[in-house]
Amino acid sequence: MIVRRDATKSHRVGRATLSDGTVTTAYRAIAEIACARCGHAIKPDALFSRQTRPTPVGAVGLATTTVPVCMTCRPLRLDDAGETTDARED
Ligand SMILES: [Zn+2]
């Protein structure tokens with residue numbers, strides 16, 4: 001039996017606010033993910049946010065791709081978490 005787990009590298013934590021006041025959604029990594037900005041690993045259990053960015057699609061135009069961005073590149077504060085952030089393990 002083959003189980004695809006592509007979609008389970010992270011789970012949604014809740015609403016968060018970025019340092020510039022923008023409201024976004026915070027995610028928690030389940031498996032290690034690479035930050036799309038700095039390329040550093042987002043470790044399992046680390047919080048991160050996602051950002052949409054335009055991606056060229058052939059000669060036709062642009063699509064948007066959602067990419068993970070680490071807390072160092074884009075610090076965030078949880079507003080509305082269904083879980084606590086107290087149990088940090090690093
Ligand atoms: Zn980063």
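Of the 90 residues of the protein, 17% count as buried. This is a predicted model: local features need pLDDT of at least 70, side-chain atom pairs count only at pLDDT 80 or more, and totals for chains, interfaces and linings use all residues. Residues are numbered from 1 along each chain as its sequence is written.

Student: What makes R37 partly exposed?
Tutor: A residue is buried if 20 or more other C-beta atoms lie within 10 Å of its own, exposed if 12 or fewer, and partly exposed in between, with C-beta atoms placed from the backbone. R37 has 15 C-beta neighbours inside 10 Å, so R37 counts as partly exposed.

Student: Where is R37 found?
Tutor: In the loop between β3 (33-34) and β4 (41-42). Strands are DSSP runs of E, at least two residues, numbered from the N terminus.

Student: Which residues is R37 in contact with, leaving aside neighbours within four places in sequence?
Tutor: V69 and C73. Contact requires C-beta atoms, placed from the backbone, within 7 Å.

Student: Why is one side of β6 and of β7 left without a neighbour in the sheet?
Tutor: The open sheet has 5 strands, in the order β6-β5-β2-β1-β7, with antiparallel pairing. β6 (61-70) and β7 (76-78) stand at the edges with a single partner strand each, so one side of each has no neighbour in the sheet.

Student: How do you know that β1 and β2 pair?
Tutor: Two strands pair if DSSP finds at least two bridges between them. 7 bridges join β1 (residues 10-18) to β2 (residues 23-29), so the two pair. They run antiparallel. G14 has A26 in β2 as its bridge partner.

Technical notes
Helices (H or I, at least four residues) and strands (E, at least two) are DSSP runs, numbered from the N terminus. Two residues are in contact if their C-beta atoms, placed from the backbone, lie within 7 Å.
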